[in-house]
Every structure is written in C-alpha cells, then in structure tokens.
Amino acid sequence: MKSYRKELIFHAEKRRQLFNITPQVEEALEESGIQEGFILCNTMHITASVFINDDETGLHADFEEWLEELAPEKPHSRYRHNTVEDNADAHLKRTIMGREVVVAVTRGELDFGPWEQIFYGEFDGKRPKRVLIKIIGD
Amino acid sequence: MKSYRKELIFHAEKRRQLFNITPQVEEALEESGIQEGFILCNTMHITASVFINDDETGLHADFEEWLEELAPEKPHSRYRHNTVEDNADAHLKRTIMGREVVVAVTRGELDFGPWEQIFYGEFDGKRPKRVLIKIIGD
Amino acid sequence: MKSYRKELIFHAEKRRQLFNITPQVEEALEESGIQEGFILCNTMHITASVFINDDETGLHADFEEWLEELAPEKPHSRYRHNTVEDNADAHLKRTIMGREVVVAVTRGELDFGPWEQIFYGEFDGKRPKRVLIKIIGD
C-alpha cells in the first residue's frame, strides 16, 4: 500500500468564501502515482469545510443565504462560544457543510460524477488555513 | 491491497424518494472478496445523498417534512440557482443528508450496529442517477 | 495492508451528552501499530454521532441550543416516528452532526490541525451504546 500526503494553504480575503480546489486535488493525485484507492480531503480547522457540490455562482449565493438563516453570524452575543471569539456561527456552518470528503480513485483519477467538484468552504477567514490531502492505495 | 468498483443505477419515479440499498452494497462486497477494509458508497450526483439511518416509514416521512422545513422546494424563485434549473433545494437537502458513507468491512461483512441501513436519497428524481461503490482492503 | 478494529462503549447519563473520545482513538491507533493509513470512527447507532470540532463548553452549549432549534425534541407527537419511540429528534440531530469521521494517520499519529478533537455525540442516551474504530494501512 502506498500513501501520499500534501497540505494546501488558503487565505480567504472575506470572512466567508468558497474555493474550488478540484485542480489542486487532481494535481496531488497525479503526484502520488496512486491508481486505485481512496483520497481523504479535509480541512484542518474547525470553522471551515471541505465539501462536494456544483461550481455555480447562483448556488453559492444560495448557500451563503441559507447558512446565514440556519446559523446566523450576528448578533455575536447570541452564542456562548463568543466570549473572546466571534466565530461560533462558523463552527455551526461548517457542521452543516461537513469537515471532509472521501473520494474513490480509479485508474489514477478522481472517480466523479459529471458535476462533482471539491470546495474549500471558509467561514472564518482573513487568515491562512490548511487543507489536508491524504491518499492511500496502490 | 485489493480494490473493487461497482455502479448502481436508480430511477426515482418521484422528485424525492428514499431507497434502502443495503442489499446491493452487501452483494458488491461479496463480489469483491474483500475481508478487511473500507467501503465507500457515494452518490455521483450533487442533488442526491447516500446516508445511514433507520428503515422506518414514519421516520422517512419525518425526514421529508423536516428537509422541506430547512430547505423548502418552493417558491422556486427563492433560490438564485433556479434560473434554468429548479433544483436548488435538492442541492441543500443533499448537503444536510450527506454525499457519502464510509463503512468498515470486517470478516467479509459490513461492520454495522443493529439498526444501520444504507439509503440512497433522491431529491431531484425522475431520471436515472448513479451510486458508486468502491471497496479497498485485503 | 494491516487492519485493526476496536469498539468503545458509552453510557450517557443524560439524553444528550458529548464525550471527547480523542484519547481513546489515539490509544487504539497506538495499539494498531499502523503508521500510514486511515482511521474510520463511527457510531454504531442511528441516534448518535461521531464528529470533529472544538472542546469548548460554550460551543457545546451552543450546539445543544442550535440542534434543539433545528430539530426540537418536543412535542414528541410532532414526529411520525414517535409511536412506540420518542427519539425521532435524535435521528435528525445525528443527521446534522454526522455518523462518522475519517482521519488520516501519518507517522503513527492522528494527522490533525491545532484544534481538532473527536467527539461522540449522544442524542438518545441513558443506555449503553457503541463506537467503532477501524484502522487500515501499513
């Protein structure tokens, strides 16, 4: 069994921002030389997410609005976590969106349906944050 | 390390529909001959879900009602994704329910608790859609 | 490829309770002797969750309040699942929080960011329940 590890770094300019990271994940897979196996791709932070969905700006605007409905940022005093911090909403938003994805690797490629794209979802940005890619297989 | 890959196809008659796919996943595992490892089971579409829960019709009705509360289908104009499409709600519902499950394989079987069952959750049906099963192990 | 399996048992005194299980998962990893691979950690029950977030009591209180907003326990009659059972809300809460986590193993350790901790989230407690740890790798 082979394994490969790589970190990506993202520095969102906004508090909340989505990045399509599919090209970087494909690049890591190629570097690994692994043909059959699994890729794990997860955020290393608890106020961010890695998830799979559509790369469509209307949908991304819908996500922003919807997450603000389900777990509003403000008032910050709404949350008990927000004493020194102001990012409780980001912990909740990331819970909805998920921490990680596991993707099948088949014949050296991401084994994806037609519209699947991998995103890094930042919900407490304006500082550098890391995504971990770990690949195991043969 | 061995690996095995199989696709399942579902054609939901309704827009939203749940299918218990545990027997098909067990069949794929048997075909693979893998005794110890992991199964990844994911929808290949971004308006559907693979998740684990109880096979109980009351609960399934509760899921339908609850998802409609959290991410209502209508009015379609509610979502910016819905220009040519009308399925923004399906992208959000799938986000709540999850894209994939990873299940342990032990002694050639799904290593499950007493009530765990795997479901394909369709939220934008009336057309054929695919589920990917990928198994790695020995 | 090596594999290792272990069950943990939790008996929550309250209906809803969070347990930081990171030390037990690290212990299992050490027992496994696996240096490079993946850990799967999942609840074996459908009214509980394994998830990764911050070990901060304010945030845990926020989770409790937020989950009660999104999927209230009462009135029990609100849910069709609650005929003999009264735990439909626990099935929904667990859906938000997730069934499982997959964590990379690198050089024999959980490959974590600075604040990541693994939790068992019980939403229908007062009885013994199991968490499965399965590790594959070399």
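Predicted model: local features only at pLDDT ≥ 70, side-chain atom pairs only at ≥ 80, totals over all residues.

**Exercise 1: The enclosed space**

The largest cavity holds about 690 Å³ of space.

Task: Determine how many cavities of 30 Å³ or more the structure holds, and describe the lining of the largest cavity.

Solution. 
- Step 1. The search returns one cavity of 30 Å³ or more.
- Step 2. Its lining consists of 36 residues. Those nearest the centre are Gly98(A), Glu100(A), Gly98(B), Gly98(C) and Glu100(C).
- Step 3. Sorted by class, the lining of the largest cavity comprises 18 nonpolar, nine polar and nine charged residues.

**Exercise 2: The largest pocket**

Task: State the volume of the largest pocket, then identify which residues lie closest to its centre.

Solution. 
- Step 1. The volume of the largest pocket is about 370 Å³.
- Step 2. The pocket is lined by 20 residues, and Thr47(A), Glu85(A), Asn87(A), Asp124(A) and Arg127(A) are the closest to its centre.
- Step 3. The lining of the largest pocket divides into nine charged, six polar and five nonpolar residues.

**Exercise 3: The contact between chain C and chain B**

Task: Describe the interface of chain C and chain B by its residues, its buried area and its polar links.

Solution. 
- Step 1. Count the residues: chain C contributes 29 residues to the contact and chain B contributes 35 residues.
- Step 2. Consider the area. The size of an interface is often expressed as the accessible area lost when the parts come together. Between chain C and chain B, about 2,600 Å² is buried, with 59% of it on carbon and sulfur atoms. On the side of chain C, Met1(C), Ile46(C) and Arg80(C) supply 21% of the area buried against chain B, more than any other three residues.
- Step 3. Look for charged pairs. Five salt bridges are found across the interface of chain C and chain B. Lys134(C) forms a salt bridge with Glu36(B), and the closest N and O atoms are 2.5 Å apart; this lies within the 4 Å that the rule requires.
- Step 4. Locate the elements. Strand 1 (2-11), strand 3 (37-43), helix 3 (88-97), strand 5 (100-106) and strand 8 (128-137) of chain C each supply at least two residues of the side that touches chain B. Helix 3 of chain C gives the most to that side, with six residues.
- Step 5. Classify the residues: the side of chain C that touches chain B has 15 nonpolar, six polar and eight charged residues.

**Exercise 4: The contact between chain B and chain A**

Task: Describe the contact of chain B and chain A by its residues, its buried area and its salt bridges.

Solution. 
- Step 1. The contact takes in 29 residues of chain B and 35 residues of chain A.
- Step 2. Chain B and chain A together bury about 2,600 Å², and 59% of this is on carbon and sulfur atoms. In chain B, the residues that lose the most area to chain A are Met1(B), Ile46(B) and Arg80(B), together 21% of what that side buries.
- Step 3. Five salt bridges are counted between chain B and chain A. Asp111(A) forms a salt bridge with Arg5(B), with the closest N and O atoms 2.5 Å apart.
- Step 4. The polar contacts across the interface of chain B and chain A amount to 16 residue pairs, both at pLDDT 80 or more.

**Exercise 5: Backbone geometry**

Task: Is the peptide bond from Lys74(A) to Pro75(A) cis or trans, and where is Pro75(A) placed?

Solution. 
- Step 1. The bond from Lys74(A) to Pro75(A) is cis, with omega near 0°.
- Step 2. Pro75(A) is in the loop between helix 2 (57-70) and helix 3 (88-97) of chain A.

Methods. Residues numbered from 1 in each chain as written. Chains lettered and ligands numbered in written order. Heavy atoms only, no water. Contact = heavy atoms within 4.5 Å. Buried area = accessible area lost by both parts, 1.4 Å probe. Salt bridge = Lys/Arg side-chain N within 4 Å of Asp/Glu carboxyl O. Polar contact = N/O pair within 3.5 Å; in protein donor to acceptor, adjacent residues only side chain to side chain. Helix = DSSP H or I, 4+ residues; strand = E, 2+ residues; numbered from the N terminus. Nonpolar A, V, L, I, M, F, W, Y, C, P; charged D, E, K, R; others polar. 1 Å grid on protein atoms, 1.4 Å probe; cavity = no way out; pocket = protein on both sides within 12 Å on 5 of 7 lines; lining within 4 Å. Points joined across faces, edges and corners; volume = space filled by probe spheres on them.
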